[in-house]
Amino acid sequence: MKKQKIATVITCCALVGVVAVGGTLALLTSESQTLKNTFTVGAGYGDDDFLLKEHGVDQIVNDAAVVPGYKVGDYVMNTDVVHGVTGEPSEGNGNDYDDVIPNSKLDKDPWFELATGAPASWIVAAIDKTELQNLSNAGITVDVVPNDTNWYVVTGGTGTWQIDHKVTKNDFAGGTGTLYLIYNEALQSGESTDALFTQLKAGTTVSNITDSPLNIKGVAVQALDDVTVPGDVIEAIMTDATGVLA
């Protein structure tokens, strides 16, 4: 118990100076681009130590290009890795979904990554539920979240933060407020998180996509070597993460 209290106090103190902010990933803007802003606060992280990435995608345009489980019009991921840009969001970077058709699959697998040499970190992601709702109203929903994901939903607020449950696609359904997710194991130098989700779905009717952006934000908070589960340090983690993400 004494060791836990000391670890919590040390973590609370350390968080003030070692928060790295990973940027935003615009999933479906006017050109459905992947955008990234990278910021660092305090010591411990370099400019490119915390990254937001996803795989590239190709639209299937004819029967000859169809792969198992997909059809003409679907977007299927390829082996390219898309990186965002550093600085303010701008056009011309990331995946484009130019001709989304009804009842199609849109592969999308945003994940966070620590560069080699970066400190072990807890990763917190945030998504505006209103943006999820607007996207759903436009006919696009998150459809696939792997069962073995390490992402968990965090609920509460100052003084009441808690890890609630493993994230499912239902958590991306929309509403109001902010969806907060935490990766349930400390990320080590050179490691990546699971994808937040792996596929979107276009419904029977798709409209107003250009007016329905969806942005993902992420924060890396330095973890102590002897802390393996957020547990009683979740309050400290979320206090600093939400302070940066607000």
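A residue is called buried under 20% relative accessible area, exposed over 50% and partly exposed in between (1.4 Å probe, protein chains only). By this criterion Trp161 is buried, with a relative accessible area of 11%, and Tyr180, at 14% relative accessibility, also counts as buried. The structure is a predicted model, in which local features need pLDDT of at least 70 and side-chain atom pairs count only at pLDDT 80 or more, while totals for chains, interfaces and linings use all residues. Residues are numbered from 1 along each chain as its sequence is written, and side-chain values use heavy atoms, with hydrogens and water left out.

The chain holds three helices and 13 strands, taken as DSSP runs numbered from the N terminus (helices H or I, at least four residues; strands E, at least two). Of its 246 residues, 48% count as buried. Where contacts (heavy atoms within 4.5 Å) join residues at least 6 apart in sequence, 79% of them link residues at least 24 apart.

Five aromatic pairs were found in a search of the whole structure. Rings of Phe, Tyr and Trp (its six-membered ring) were paired if their centres lie within 6.5 Å, with planes under 30 degrees apart counted as stacked, over 60 as edge-to-face and the rest as tilted. One of the pairs, Trp151 and Tyr183, is edge-to-face, at 5.2 Å centre to centre and 65° between the planes. Trp151 belongs to strand β9 (residues 151-155) and Tyr183 to strand β11 (residues 178-183), so this pair ties together parts that are 32 residues apart in sequence. Both Trp151 and Tyr183 are buried. Trp161 and Tyr180 also pair edge-to-face, with 5.5 Å between centres and 90° between the planes. Because Trp161 lies in the loop between β9 and β10 (162-166) and Tyr180 in strand β11, the pair ties together parts 19 residues apart in sequence. One aromatic cluster is formed by Phe50, Phe112, Trp151 and Tyr183.

Nonpolar cores were defined as sets of buried Ala, Val, Leu, Ile, Met, Phe, Trp, Tyr and Cys residues joined through side-chain atoms within 4.5 Å. The largest has 34 residues, of which Phe112, Ile123, Trp151, Phe172, Leu181, Leu196 and Phe197 touch the most other members. Leaving aside neighbours within four places in sequence, Leu181 is in contact with residues including Ile123, Trp151, Val167, Phe172 and Leu196.
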